[in-house]
Amino acid sequence: MSRMFLSGTSTIAGLSRIAGLQQQWTNIPVRHLKVGPKGTYVAKMIPTLVKLESGKKYSWCLCGLSKKQPFCDGAHKKTEFKPVRFEVDKTKSYLMCRCKQTSNKPFCDMTHVKVMFQSFTGQLKTEPKS
């Protein structure tokens with residue numbers, strides 16, 4: 001057992017240091033999302049492989065703010081974007097877009113390669129158009 005837990009004074013000092021750090025961390029943005037050419041946030045620069053079931057209804061996040069990527073969690077409510085509702089004909093794994101710039105919503109069409117290039121060259125913005 002460490003001395004910090006044996007001594008009351010050390011414990012209080014340790015907790016106040018942690019509280020001070022926690023207060024500083026609250027001002028740091030949790031996510032640093034870029035805005036893609038279509039005006040939506042780029043959730044991730046690469047797609048994800050997801051097993052989808054035939055006949056089941058899904059909601060794909062279009063805004064890019066969902067924390068349950070690639071699916072919607074309701075975060076779009078503060079944006080103009082709505083989720084894309086879809087079903088698949090066959091149960092299998094599909095490559096789902098997470099850059100949100102695809103022309104084949106909700107599936108990946110390799111647009112993320114262009115988005116990565118734009119990100120690395122500083123062409124993507126950090127705020128959506130007003």
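# Report on the predicted protein chain

Of the 130 residues in the protein chain, 35% are buried. The model described here is predicted.

## Overall architecture

The protein chain contains 3 helices and 6 strands. Their order along the sequence is α-α-β-β-β-β-β-β-α. Among the contacts in the protein chain with a separation of 6 or more, 59% are between residues 24 or more positions apart. The accessible surface of the protein chain amounts to about 9100 Å², and carbon and sulfur atoms account for 56% of that surface.

In soluble globular proteins, nonpolar side chains tend to be buried together. In this model, the largest nonpolar core comprises 24 residues, and L52, W60, F86, M96 and F107 are those with the most contacts inside it. At least two residues of this core come from each of strand 2 (41–42), strand 3 (48–52), strand 4, strand 5 and strand 6 (92–96).

What does F86 touch, when residues up to four places away in sequence are not counted? The list consists of L52, K56, K57, Y58, W60, F71, M96, P106 and F107. F86 counts as buried because its relative accessibility is 9%.

## Aromatic pairs and cluster

The protein chain has 4 aromatic pairs. One of them, formed by Y58 and F86, is stacked, with 5.5 Å centre to centre and 25° between the planes. This pair links distant parts of the chain, since Y58 belongs to strand 4 and F86 to strand 5, 28 residues apart. With a relative accessibility of 10%, Y58 counts as buried.

A further pair is that of Y94 and F107, whose ring centres are 5.4 Å apart; the planes are at 35°, so the pair is tilted. Because Y94 lies in strand 6 and F107 in the loop between strand 6 and helix 3 (111–120), the pair ties together parts that are 13 residues apart in sequence. Both Y94 and F107 are buried. One aromatic cluster is formed by Y58, F71, F86, Y94 and F107.

## Helix 3

Which residues of helix 3 are buried? They are T111, H112, V115, Q118 and S119. These residues lie on the same side of helix 3 because they cover an arc of only 115° around the axis. An α-helix has 3.6 residues a turn, so residues three or four places apart point the same way. K114, F117 and F120 are exposed on the other side of helix 3. Strand 2 is included in what covers the buried residues of helix 3. After helix 3 comes G122, which has a positive phi near 80°.

## Loop between strand 4 and strand 5

The loop between strand 4 (58–60) and strand 5 (84–86) contains S66. Because its relative accessibility is 2%, S66 counts as buried. The side chain of S66 reaches the backbone nitrogen of D73 at 3.3 Å. P70 is also placed in the loop between strand 4 and strand 5, and a cis peptide bond joins P70 to Q69.

## Loop between strand 6 and helix 3

C108 is located in the loop between strand 6 and helix 3. Why does C108 count as buried? The relative accessibility of C108 is 16%, and the cut-off for buried is under 20% relative accessible area. With neighbours within four places in sequence left aside, C108 is in contact with P47, L95, M96, C97 and T102. The C-alpha atoms of C108 and L49 are separated by 9.7 Å, while the two residues are 59 residues apart along the chain.

P106 has its place in the loop between strand 6 and helix 3, and a cis peptide bond joins P106 to K105. K100 counts as buried, at 1% relative accessibility, whereas M110 is partly exposed, with a relative accessible area of 48%.

## Backbone angles

Most residues other than glycine have a negative phi, and most peptide bonds are trans.

Notes. Residues numbered from 1 in each chain as written. Predicted model: local features only at pLDDT ≥ 70, side-chain atom pairs only at ≥ 80, totals over all residues. Heavy atoms only, no water. Helix = DSSP H or I, 4+ residues; strand = E, 2+ residues; numbered from the N terminus. Buried < 20%, exposed > 50% of the residue type's maximum accessible area, 1.4 Å probe, protein only. Contact = heavy atoms within 4.5 Å. Areas by Shrake-Rupley, 256 points an atom, 1.4 Å probe, with all protein chains shown as cover. Polar contact = N/O pair within 3.5 Å; in protein donor to acceptor, adjacent residues only side chain to side chain. Core = buried A, V, L, I, M, F, W, Y, C linked by side-chain atoms within 4.5 Å. Phe/Tyr/Trp six-rings, centres within 6.5 Å; stacked < 30°, edge-to-face > 60°. Arc of directions from axis to C-beta.
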